[in-house]
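Colleague: I would like to learn how to read a fold from its coordinates, going feature by feature. Could we take one example and work through it together?

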Amino acid sequence: MSDQLKFLVLATGQPSKHLIKAIQKRGHTYEHHQPDNLYMYVSEVESGHDRIYDGRIDLEQPVRLKAKTYDAVISRLGSGLDYGATILQHLTENLDIYCPQTADGLLFARNKMRTSQRLSSEGIKVPLTVFAKNPVHVQFLIDKLGGLPAVGKLLSGSQGQGVMIFKDAEQTNTSLESFWKLQVDILLQRYIDSNKTDVRAIVVGDKISVAMERTGNKDFRANISQGGSGRKVTLSDQQKDLCIRAAKALRLEFAGVDLIKDKEGKSYIVEVNGNPGTKIIDITGHNYFDDLVAHIETKVGHQDEQNDEKQEEASIKPKPYQSMQALEQSINGIATSHQVAEFKRLLSNQNGNKLGNTSSEVHQVIQFISSYNNQRAFPKLVSVLNKWKFKK
Ligand SMILES: Nc1ncnc2c1ncn2[C@@H]1O[C@H](COP(=O)(O)OP(=O)(O)O)[C@@H](O)[C@H]1O
Ligand SMILES: [Mg+2]
């Protein structure tokens, strides 16, 4: 059983009751902060004395939030993601608090084109997609998609809003012309006939927490927000693998992944959502936040026998990784040789001392490594990691 943890819930608006329930059920506590109320402070001191302040209107003076107070951040960032992601970056990179999501990951996931690019570059199947700014050769692009019907998507829509279908040439040309005239970017995608059905899976760490199949009742979009109906399903191993790899490709240990299957049974990732909705919890009866909290416990939790040590190390941040094995698990997929060199440089940097002696330093290095993803370099990196000394 883990110790009690304290979470900083970074959420736009009120956090979901399901999240609060999951935190409290395991005996943990939390503080909710809206990103817009927080002030960032970047210090001039090299060794990093960056800070964050709570600047809520009802406070006479802004209050400094101490990183040591929190074991982990849980982000639930909806609207205003630019500022929210900047706050998250400050909390994770500058104040070194663990979060299962990265700011970059959330920003990538918000943009459907950049998501498709990243997934494709990591060998994860997405529907054929074309994207161009105010193109002259519209017919060329439509031909590339195999003709009509084709799907159009605004780059950062959600809940099905901004996803449309083009069925005939006249409608397609006049609509696209209008979007481009308004300087609205839109990607075009091959229409996958899936009987208006798709799958939403919640990925937590290396596992699928829960999945549901959704079927559109109104049109081809299967989103529940668009009147779709859902039911709990178990994914095939291949589907699970696709979803887990998709979340990982976006550096998200927690994400909602949308998957679509064509008539031949081939599956494609259509979207990765960094702030998945909670309707799946009501529909399936499975609270994915329970799995999220348990996942965070394994990342930052302490064992009871370590309590004494914890007292001694009160001035050092909690150990995010307790063993080499846990460490290895959390970094699978990694850097190119160039990045490994950079990584080594980073390790031996600070005043000639090896980094990685304290937990917060290890955590820092992990964050650095996990911003890369290249399976081939992994053994190399593990051998580098094996040379580290860990504070006993
Ligand atoms: N290429 C496609 N072919 C057929 N249906 C699609 C395609 N892409 C998306 N859809 C349908 O539209 C829905 C919404 O698309 P999605 O990309 O997930 O955007 P949103 O962020 O709005 O949910 C999907 O759940 C799926 O049912
Ligand atoms: Mg979706």
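This is a predicted model: local features need pLDDT of at least 70, side-chain atom pairs count only at pLDDT 80 or more; totals for chains, interfaces and linings use all residues.

Colleague: Let us begin with the overall make-up: how many helices and strands does the protein chain have, and what percentage of its residues is buried?

Modeller: The secondary structure of the protein chain comes to 14 helices and 15 strands, and buried residues account for 38% of its 392 residues. If one takes the contacts between residues at least 6 apart in sequence, 63% of them join residues at least 24 apart.

Colleague: How should I read a sheet, and what is the strand order in the open sheet of 5 strands?

Modeller: The general idea is that strands of a sheet pair through backbone hydrogen bonds, either parallel or antiparallel. Here the open sheet of 5 strands runs in the order β13-β12-β11-β14-β15, with antiparallel pairing. Its edge strands are β13 (229-232) and β15, each of which pairs on one side only, and neighbouring strands of this sheet are turned by 30 degrees against each other on average, direction ignored. Helix α9 (residues 288-300) packs on the sheet, where it touches β11, β12 and β14, and its direction makes about 30 degrees with that of β11.

Colleague: How many residues lie between β14 and β15 in their hairpin, and how many residues of β14 are buried?

Modeller: The hairpin has 5 residues between the two strands, and Gly-265 in the turn has a positive phi of about 90 degrees. In β14, 6 of the 8 residues are buried, so this strand is largely enclosed by the rest of the structure.

Colleague: What is the pairing in the open sheet of 3 strands, parallel or antiparallel?

Modeller: That sheet has the order β2-β1-β6, and its pairing is parallel. β2 (29-33) and β6 (72-76) stand at the edges with a single partner strand each, so one side of each is left without a neighbour in the sheet. Strand β1 (residues 6-11) pairs with β6 in the parallel sense over 5 bridges, and Leu-8 stands opposite Val-73 in β6.

Colleague: Turning to helices, at what angle do the axes of α2 and α3 cross?

Modeller: Two packed helices are described by the angle between their axes and the distance between the axes. The axes of α2 and α3 come within 8 Å and cross at roughly 155 degrees, and the two helices are therefore roughly antiparallel to each other. Leu-81, Ala-85, Thr-86, Leu-88, Gln-89 and Thr-92 in α2 meet Ala-103, Leu-106, Leu-107 and Arg-110 in α3.

Colleague: What else covers the buried residues of α3?

Modeller: Helix α3 (residues 103-110) is mostly covered, with 7 of its 8 residues buried, among them Gly-105, Phe-108 and Ala-109. The elements covering its buried residues include α2 (81-94), α4 (112-121), β14 (254-261) and β15 (267-273).

Colleague: Which residues touch the most other members of the largest nonpolar core?

Modeller: As a general point, in soluble globular proteins nonpolar side chains tend to be buried together. The largest nonpolar core has 66 residues, of which Ala-72 and Val-203 touch the most other members, and this core draws at least three residues from each of domain 1 (6-109) and domain 3 (197-287). Leaving aside neighbours within four places in sequence, the contacts of Ala-72 include Leu-5, Phe-7, Ile-97 and Ile-296. Apart from this core lies another, of 6 residues, including Ala-150, Val-163, Phe-166 and Tyr-191.

Colleague: Finally, where is Val-126 found, and is it buried or exposed?

Modeller: Val-126 is found in the loop between α4 and β7 (129-131), and Val-126 is buried, with 20 other C-beta atoms within 10 Å. Not counting residues up to four places away in sequence, Val-126 touches Ser-116, Leu-119, Ser-120, Tyr-268 and Ile-269. Val-126 and Ile-269 are 143 residues apart in sequence, yet 5.0 Å apart in space, C-alpha to C-alpha.

Technical notes
Residues are numbered from 1 along each chain as its sequence is written. Chains are lettered from A and ligands numbered from 1 in the order in which they are written. A residue is buried if 20 or more other C-beta atoms lie within 10 Å of its own, exposed if 12 or fewer, and partly exposed in between; C-beta atoms are placed from the backbone. Helices (H or I, at least four residues) and strands (E, at least two) are DSSP runs, numbered from the N terminus. Two residues are in contact if their C-beta atoms, placed from the backbone, lie within 7 Å. Two strands pair if DSSP finds at least two bridges between them. Axes are lines fitted to C-alpha atoms, for helices over the stretch in contact, and angles run from 0 to 180 degrees between N-to-C directions. A nonpolar core is a set of buried Ala, Val, Leu, Ile, Met, Phe, Trp, Tyr and Cys residues joined through C-beta atoms within 7 Å. Domain bounds come from an automatic or database domain assignment. Angles under 35 degrees count as roughly parallel, over 145 as roughly antiparallel, 65 to 115 as roughly perpendicular and the rest as oblique.
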